[in-house]
Amino acid sequence: MFSKKLFAQRVQEIRKSHHETQKELGEIISTRATNISEIESGRKTTTTEKLALICRHYHVSADYLLGLSDDMQGGTDRWTDEE
């Protein structure tokens, strides 16, 4: 089941593990650092388009970020650079 708290925690953990700031992630997905802060605090979620950008950038599955799976890489092996 989707958990906003777990989504917030996983986005923050993966961003920090890549040594990126909220501003840098915001630039990558075309949003402001304040929006990233709200996502990471659990006050907001994001659009499916931005979720896909986060997944592609960090090479993690949406199921992992959404708390539906504990498999970070599940299905990402099917991605191509052209998609």
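1. Contact here means heavy atoms within 4.5 Å. By that criterion, and not counting residues up to four places away in sequence, Ala8 touches Ile39, Glu40, Ser41 and Gly42. The place of Ala8 is in helix α1, residues 4–17; helices (H or I, at least four residues) and strands (E, at least two) are DSSP runs, numbered from the N terminus.

2. The model is predicted: local features need pLDDT of at least 70 and side-chain atom pairs count only at pLDDT 80 or more, while totals for chains, interfaces and linings use all residues. Residues are numbered from 1 along each chain as its sequence is written, and side-chain values use heavy atoms, with hydrogens and water left out.

3. The chain contains five helices and zero strands, and its pattern along the sequence is α-α-α-α-α. Of its 83 residues, 31% count as buried; buried means under 20% relative accessible area, exposed over 50%, and partly exposed in between (1.4 Å probe, protein chains only). Among contacts between residues at least 6 apart in sequence, 51% join residues at least 24 apart.

4. Ala8 counts as buried because its relative accessibility is 3%. From Ala8 to Lys44 the C-alpha to C-alpha distance is 8.6 Å, although 36 residues separate the two in sequence.

5. Helices α1 and α3 have axes that come within 7 Å and cross at roughly 125°. Axes are lines fitted to C-alpha atoms, for helices over the stretch in contact, and angles run from 0 to 180 degrees between N-to-C directions.

6. The residues involved divide into five nonpolar, one polar and two charged. In this classification Ala, Val, Leu, Ile, Met, Phe, Trp, Tyr, Cys and Pro count as nonpolar, Asp, Glu, Lys and Arg as charged, and the others, Gly among them, as polar.

7. Glu40 belongs to helix α3, residues 33–40. With a relative accessibility of 8%, Glu40 counts as buried. Leaving aside neighbours within four places in sequence, Glu40 is in contact with Ala8, Val11, Gln12, Arg15 and Gln22.

8. A salt bridge joins Glu40 to Arg15, with the closest N and O atoms 2.5 Å apart; the term denotes a side-chain nitrogen of Lys or Arg within 4 Å of a carboxyl oxygen of Asp or Glu. The pair links distant parts of the chain, Glu40 in helix α3 and Arg15 in helix α1, 25 residues apart. Both Glu40 and Arg15 are buried.

9. A search of the whole structure finds four salt bridges. Among them is the pair Lys23 and Glu27, at 4.0 Å from N to O. Both residues lie in helix α2 (residues 22–28), four residues apart, about one turn of the helix. Lys23 and Glu27 are both exposed.

10. The side chains of Glu38 and Lys44 also form a salt bridge, at 3.2 Å from N to O. Glu38 is partly exposed, its relative accessible area being 22%. Lys44 likewise counts as partly exposed, at 37% relative accessibility.
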